[in-house]
There are 2 protein chains.
Amino acid sequence: MNEIKQSSPPATSNSEDNTLSGQTTIALREAIVTGQILPGEKLNEPKLAKQHSVSRGPLREAIRRLVSMGLVEHKPHVGASVIPLEVNRVIELYEVREALEGMAASLAATHMSEEGIGELKQLLELHRQHYQDNSGEYMQAEGDFDFHYLIIKGSGNALLTQQLCNELYHLIRMFRFQTSRFKARSNRALVEHEQLIYAIENRDSALAEMLMRRHISRAKESIRTYLTTEKP
Amino acid sequence: MNEIKQSSPPATSNSEDNTLSGQTTIALREAIVTGQILPGEKLNEPKLAKQHSVSRGPLREAIRRLVSMGLVEHKPHVGASVIPLEVNRVIELYEVREALEGMAASLAATHMSEEGIGELKQLLELHRQHYQDNSGEYMQAEGDFDFHYLIIKGSGNALLTQQLCNELYHLIRMFRFQTSRFKARSNRALVEHEQLIYAIENRDSALAEMLMRRHISRAKESIRTYLTTEKP
DNA sequence: AATGGCCAAATTGTTGACAATAAAGCCATA
DNA sequence: TATGGCTTTATTGTCAACAATTTGGCCATT
C-alpha cells in the first residue's frame, strides 16, 4: 500500500499496439531506458531479433521508432546504436523541456479544468505525506513525472503532449536512470510544485510559465554542475 | 538571378541517405507537403510501392518516418493516412513553435557567432531589397524559413534544431502550403526581423525571446482569425 | 616495419511470398 | 424493407531468403 499509483503517466503502458513491432518497441525501449543496453552500444539486428523471437522486419520497425524518440542513432549501411550519454545532450534536453513545459504550464493555467487542478492538489498532498513519512528520497523520480504529466495534459495541446510524453519522455527517463545516483532537491521540489499549483489555480499563465521554467532550469544547473565536476 | 539561395534551410535537400527508403521518404514527404496527396487521404501500401518502384519494405519504413514527423497518422491493422487539416492542429503547432523558437532566439542571442549574425544581416538586406523591387509577395514563404533557420541553427542546441528542422519543419510547410492563399504581413515581418537581429546583436536574450515569441504569436492569431472566419 | 590495396566475412538494405486482421458486400431472415 | 450475421476481399503484419554495402584483416610492396 506504500505504492504510488502508476496510472497517470504514460510510463511503460503506452498506447502502443499489440503487434509484434509494437511490443518489440516497448521491450527495446525499456531495455535501453533501464540500462540493460548501454549508451553507445550497437544494436545488432539478427541478434536482437533472435532475442525477442521476432524476425528482422518488426525489429527494424521498432528501431525506427526508437530513433524518432531520440533514444537511438542510425547511420545508413552502418546500423543503429543507443545514443551516447554526453553532458551536452542532457543540457540540451533540459533546455527543450524548459521551453515546452513552460508553454504547457502557461496553457494549463488558462485551459485546465477545475477537476484537473483538484487532481494536482491531491497528488501534491500525497507527495507531501510521503515526504514526511519516509526520508523523502524517491519522489524526485516517479513523483515528479506524475506531476509534470498532469500539467502537460492540462495544457489541452495535443501536439505538445505528444512531443513531451511520447518523444522526449523516454529520453528523460533514460538520462535520469543513468544519473540516478544523483538525488537531492526533494523538499525544494515540493515547494516549487505548490507554487505552481497556486499559479494555475489563479489562472496566472505568466507566473505559471515562469515557475515551471525556473523549476526545470534549476534542475538543469544542478545536473550540469554535478556532471561537469564529478565526471573526470 | 532573381532566385533566392536555397542553401541554408534543410528544405528538400535534407541529410537523408541514398537508400531506397530514404529517397522514398523524401518523395512521399514532398508529395504530402505540396498537396499531391491530400490531408486525410489514405496511404495504400501496394499502390504507393508500385508508384515509387520499390517494394513494401522500404515504403513502410518511409511511412514510419513520416509518422514521426507528424505528417501522417497510423492505426494498427488499419493503415496510415495524411494528417487532416484542422484549425486546432495549426494553432497547436504555432504554440509549440512559439515555445521552441523563442528558446532558440534566446540561446542564439547568447551563443551565435559574429559570423552568423553577419549572415542574418545579409539575409535581411536581401529581403528588404526584394520587398522594394517586387510587390513584396512571396518573402513570407521561402524567406521567412531561411531567417528562422539561421536563428535556430545559431542556438547551438542540436536537439532543438533537430526537433524544429527535421520533425516540425515539414508540418509547418504543409500547413503553410494548404493555407497559401493567405499572405499579407510582409512589411511588418521585415520590421520584426530587424528588431530581432538587433536584440541578438546586443546579446539581449530576454528581448530576443520575447520578440520571436511575439512574431510567431501574431502569425498564429492572424491564421486563427483567417481560418475561423472564412472557413464555413 | 609501415602503408597501400585487395579480399572475405559480417551486417544492413531489399524483395516477394505468406499469414492475420479488418472492412465491405451479400444473403437470409424478421 | 431494414437488419443481422456471414463470407469474401482487400489491406496490413510478418517472415525468410537474396542483394548490396561496409568493415576488418590479410598480403604484397616499398
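Chain A and chain B of this predicted model bury about 2400 Å² between them, 58% of it on carbon and sulfur atoms; buried area is the accessible area (1.4 Å probe) that two parts lose on being put together, summed over both. The contact (heavy atoms within 4.5 Å) takes 28 residues from chain A and 29 residues from chain B. Residues are numbered from 1 along each chain as its sequence is written, and chains are lettered from A in the order in which they are written. Local features need pLDDT of at least 70, side-chain atom pairs count only at pLDDT 80 or more, and totals for chains, interfaces and linings use all residues, while side-chain values use heavy atoms, with hydrogens and water left out.

Charged groups also take part in this interface. Side chains of opposite charge can pair when their charged atoms come close. A salt bridge is a side-chain nitrogen of Lys or Arg within 4 Å of a carboxyl oxygen of Asp or Glu, and six salt bridges are counted between chain A and chain B. One of them joins B:R60 to A:E61, with the closest N and O atoms 3.4 Å apart. On the side of chain A that touches chain B, two or more residues come from each of α3 (56-69), α4 (87-111), α7 (158-178) and α9 (205-229) of chain A; helices are DSSP runs (H or I, at least four residues), numbered from the N terminus. The largest share of that side, nine residues, belongs to α4(A).

The interior comes next. A nonpolar core is a set of buried Ala, Val, Leu, Ile, Met, Phe, Trp, Tyr and Cys residues joined through side-chain atoms within 4.5 Å, where buried means under 20% relative accessible area, exposed over 50%, and partly exposed in between (1.4 Å probe, protein chains only). The largest such core has 132 residues, and A:I200 and B:I200 have the most contacts inside it. Helix α4 (residues 87-111) of chain B gives the largest share of this core, 14 residues. Apart from neighbours within four places in sequence, B:I200 touches residues including B:A108, B:M112 and B:L120.

B:K220 lies in helix α9 (residues 205-229) of chain B, and its contacts beyond four places in sequence are B:I91, B:Y94, B:E95 and B:E98.
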